[in-house]
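Work through the exercises below with the sequence and the model side by side, and try each task before reading its solution.

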Amino acid sequence: MTADGAGRDLILEVRDLKTSIFQSRSVVQAVDGVSFSVAAGETLGIVGESGCGKTMTALSVLGLLPQGGRIVGGSIKLAGDELVGMNREELRKRRGATVGMIFQDPLTSLNPSKTIGWQIGESLRIHRGASKSEQRDRAIELLSLVGIPRPQERVDDFPHQLSGGMRQRVMIAIALALDPKLLIADEPTTALDVTIQAQILALLNDLKDRFGMGLVLVTHDMGVIAGQADRVMVMYAGRIVEEGTTEEIFSSMRHPYTQALLSSIPRIGQDRSIVLDSIPGLPPDLSDPPQGCRFAPRCRIAHEECHTTDPTLEPATATHNFACVSPVNGPRVMEGDRVRLGRRSQEEGASSPKVLVSVRDLSKEFTLRSGVMQRKVGTVHAVSSVSFDIYEGETFGIVGESGCGKTTLGRMMVGLETPSSGTLSFDGVDIASLDRKEMRRHRRDFQLMFQDPYASLDPRMRIGTSLREPLSIQKQGSTAEQNEVVRNLLREVGLRTQVIERYPHEFSGGQRQRVGFARALVLGPRLVVADEPVSALDVSIRSQIINLMRQMQETHNLTYAVISHDLAVVAYLADRVGVMYLGRMIEIGPTDVVFSRPAHPYTQGLLRSVPIPDPAVARRESKDPAIVGELPSPINPPSGCHFRTRCPMATELCAQEAPPLKLVEDGHQAACHYAEEVLGSAAFAQEAPAPNL
Amino acid sequence: MATTVDSVPLGAVEKDAKPRSLLRIALSTFVGNKLAVISLAILILIVLFSFLGPLLYHTNQTATNLVLENQPPSSAHILGTSPTGKDELGRLMLGGQSTLELGLAVGVLATAFGLIWGTVSGFVGGVVDSIMMRVVDAFLSIPFLFFVILLASIARPTLTLIIIVISAVSWLSTARLVRAETLSLRTRDYVSASLGFGAKGSRLIGRHVVPNVLGVLVVNGTLKIADAILTFAALGYLGLSVPPPATNWGEILSGGVNNIFDGYWWQIWPAAVLIVLTVLAVNVLGDALRDVVEARLNQR
């Protein structure tokens with residue numbers, strides 16, 4: 001085994017790895033000449049857009065390539081042994097015992113019909129021939145290692161009995177069973193909530209240090225990388241375009257791709273009026289990669305030479321390499337383009353604004369029924385007694401973990417769900433009092449923008465028909481007029497009008513979300529409820545859609561309600577924000593106030609859990625997860641304040657009495673008995689990262 | 001319009017692939033499956049044989065001619081004669097007509113009725129759904145043969161009656177399938193979206209549910225045809241079919257089986273082969289159609 005500069009053992013050495021996927025008509029060069037190494041106790045982050053070969057690189061090392069995938073060149077040395085060309089049986093033994101893998105979705109990676117103890121013991125049985133009792137003992141040991149409470153009882157549980165966070169811990173336990181030297185985690189926290197993500201990342205980091213493992217972290221989340229990785233490798237179109245220490249990549253990057261990736265992510269506390277950077281277009285088709293620099297067609301500063309010369313990795317410092325003929329120097333300062341903020345931002349709020357949506361004591365309960373007799377077995381309190389106003393022209397953000405009721409609230413606001421109690425009035429009209437016919441007519445005023453535009457478009461309808469559908473339902477205009485409306489909107493959202501002939505599957509993700517957005521605007525609504533508008537999109541495309549939403553708000557005079565679990569997106573888009581926890585609205589206020597001076601311990605913890613895409617800040621913050629435990633069941637919520645089971649400040653009073661929303665300062669409400677103390681606590685100082693980084 | 005948002009013209013970066021129509025994708029998938037193409041050819045031949053054959057090959061299929069009974073194949077009777085002295089080849093053609101007519105009719109009837117029943121049940125839900133599905137359960141619990149024998153003892157069977165009887169049993173599984181599909185479709189985002197635009201239930205069913213169920217339905221309908229042909233043959237074999245001079249392949253088979261020890265192979269094999277070929281071809285075609293439907297979904 002060779003050692004790295006610091007004298008640590010190199011666990012993984014990959015040299016000039018080439019992996020191709022052979023398809024019926026073409027060969028995709030998924031990984032094209034990638035070299036890297038991982039030392040013991042080190043975390044290597046691999047970042048890039050989807051389709052850039054990150055996952056294929058990881059799968060090549062693991063030998064888990066999809067059908068048709070083959071390593072066609074290069075070398076992979078695992079703990080000193082060459083894997084390329086090794087026979088299958090030998091390979092199986094070597095890999096199983098040396099590498100552990102953690103996948104994105106813990107639900108589909110676990111076998112639903114076997115206990116978790118059995119699944120942890122499986123590799124021990126295969127590789128070491130361990131007996132039943134040995135397997136069980138080791139499983140219990142591993143479960144306690146990954147922080148599962150009462151492992152002796154839990155070892156006989158089935159996957160469905162565990163929450164998402166717990167399942168991911170079990171996956172980690174399985175990966176650790178054979179004391180691997182290398183752990184490969186492919187988007188390990190993407191499917192998890194931000195509070196759980198913080199817990200899992202802390203666990204991974206702790207395990208890595210304790211056992212001196214190498215960790216390869218594949219992710220698209222720059223915040224996760226900033227907080228976890230020692231070194232970062234940026235991949236584009238199957239190649240490494242830049243690699244270096246985390247500090248180098250984040251603060252003195254040389255490749256325009258790295259620069260654009262970093263300046264396209266919204267951050268909490270940044271100047272909201274500045275337009276986000278974005279990378280136009282899509283990564284190239286790797287069955288026929290372009291000549292010259294592969295990033296050139298999308299590059300902001302590409303010149304002629306870029307389209308003809310293929311740049312190779314060149315050193316900037318001893319640890320920092322990049323592949324670009326016209327490198328940049330450090331982060332891009334975005335200042336030129338500005339958009340006006342939502343009309344009711346504080347500066348202009350002098351004249352009393354008009355309330356567009358007024359929600360009072362709104363509740364929604366779902367009854368759980370079971371058996372032939374449809375007996376009532378429980379009630380899910382999805383939304384309980386929520387009150388707030390949305391002013392005309394503003395953007396109202398709703399944040400919270402999954403299962404907190406934010407989607408149900410959004411669906412009630414557009415009339416797709418009927419409230420169980422309470423009132424919801426739109427422009428002074430109580431929606432519940434309308435009869436069916438009036439309701440149908442009123443629907444044109446409020447529209448929903450869906451998370452997954454693919455699912456919201458009928459796969460068997462051409463885009464033109466789909467876009468015209470709302471107009472023909474509402475019987476607005478002749479066919480020619482309808483087509484004119486559709487064409488104008490398509491142009492406005494940045495699509496060519498010819499696309500009306502296409503089917504949804506013929507679009508890329510970003511284009512589809514543009515179509516989805518256009519569809520929400522066809523009827524000329526006044527309120528658009530956007531449910532996770534960018535969560536399903538790649539980083540580079542997110543900023544395009546966010547910019548577009550901003551721009552359309554101004555030209556179409558829209559009021560937005562943006563629902564998201566991504567605090568940074570809400571922080572950038574919203575003028576005011578409401579934080580939800582287990583069906584209740586626990587804090588409301590202007591976005592910059594709530595995010596810089598939270599008055600509820602939950603908001604505080606949530607903000608501290610968000611990974612900040614700045615290594616300096618991320619390293620300074622303590623690595624302890626800010627919120628422990630998991631979301632309680634909404635069928636049987638805790639008494640008093642719902643958050644008390646996870647709250648560090650909870651007292652007897654919290655268990656007895658549910659705190660009402662009270663005003664803590666101008667326009668800022670919080671539902672906590674100790675809101676004033678939280679607000680005043682000096683312990684919490686949210687560092688706002690430099691806005692233009 | 002301010003240029004704050006970089007608009008991404010289609011085709012600037014990604015290749016401007018010509019939109020392939022769904023029909024073209026479907027066709028190329030189908031043609032790629034050799035077995036399916038062969039099956040389709042076989043079916044076309046059987047249809048031509050049954051419906052065009054009698055125009056070229058004239059036989060008397062009404063009069064019983066005991067002088068000519070059980071003749072082996074000869075130049076006058078290419079496939080010999082039946083126990084009642086009718087030309088066997090001509091009888092196969094006649095039997096093919098009723099078999100194919102019945103198969104198609106049952107396929108269409110059962111599918112149409114199952115579609116209506118299933119979508120209404122699945123879309124309306126609640127009490128209506130419960131009642132409609134219990135009706136299906138009740139029908140399914142009637143033993144089929146008993147039902148047919150009972151009917152045959154009451155009424156004189158005609159082809160139309162048999163079509164109705166077989167359809168009455170066939171639509172049940174289709175209705176269940178369509179209901180399950182509808183239940184999953186009505187929670188799709190695009191149905192929600194349409195509802196959010198103010199669409200009525202009838203529009204949602206007509207525009208979004210039915211077109212998306214159609215793929216599965218075509219496959220299911222094809223397989224129903226094969227089932228119906230087999231059932232028809234079984235009924236003919238048991239003598240519960242349309243009385244002579246009408247005939248079908250099952251009935252021909254049953255006549256031949258009476259003479260099985262005399263070695264009159266021409267009374268058994270041709271009918272048997274035709275039944276097997278037809279059912280096999282229809283089934284292969286159904287499988288191929290399923291691939292086509294799924295291929296279309298995979299392209300998305």
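**Exercise 1.** Decide whether A:Ala79 is buried or exposed, and describe its backbone and its place in the chain.

Solution. Begin with the count of neighbours: A:Ala79 counts as buried because 20 C-beta neighbours lie inside 10 Å, where buried is defined as 20 or more other C-beta atoms within 10 Å of a residue's own, exposed as 12 or fewer, and partly exposed as in between, with C-beta atoms placed from the backbone. Next, look at the backbone, where phi of A:Ala79 is near 50 degrees, a positive value in a residue other than glycine. Most residues other than glycine have a negative phi. Finally, A:Ala79 sits in the loop between strand S4 (69–78) and strand S5 (81–82) of chain A, strands being DSSP runs (E, at least two residues) and helices DSSP runs (H or I, at least four), both numbered from the N terminus.

The structure is a predicted model, in which local features need pLDDT of at least 70 and side-chain atom pairs count only at pLDDT 80 or more, while totals for chains, interfaces and linings use all residues. Residues are numbered from 1 along each chain as its sequence is written, and chains are lettered from A and ligands numbered from 1 in the order in which they are written.

**Exercise 2.** Describe A:Asp16 by its phi, its element and its exposure.

Solution. A:Asp16, although not a glycine, has a positive phi of about 50 degrees. A:Asp16 belongs to strand S1 (residues 10–22) of chain A. As for exposure, A:Asp16 counts as exposed because it has 11 C-beta neighbours inside 10 Å.

**Exercise 3.** Find the strand order of the open sheet of 8 strands, and then its edge strands.

Solution. Reading across the sheet gives the order S6-S7-S8-S3-S9-S10-S12-S11 (chain A), with mixed pairing; two strands pair if DSSP finds at least two bridges between them. The edge strands, each pairing on one side only, are strand S6 (99–102) and strand S11 (314–315) of chain A. Within the sheet order, look at S9 and S10: strand S9 (residues 231–236) and strand S10 (residues 239–245) of chain A pair in the antiparallel sense over 6 bridges. In this region A:Met233 stands opposite A:Glu243 in S10(A).

**Exercise 4.** Which residues does A:Val234 touch, leaving aside those up to four places away in sequence?

Solution. Apply the contact rule, by which the C-beta atoms, placed from the backbone, lie within 7 Å. The residues touched by A:Val234 are A:Val47, A:Gly48, A:Ile240, A:Val241, A:Glu242, A:Glu243, A:Ile249, A:His255, A:Tyr257 and A:Thr258.

Note on methods
Two residues are in contact if their C-beta atoms, placed from the backbone, lie within 7 Å.
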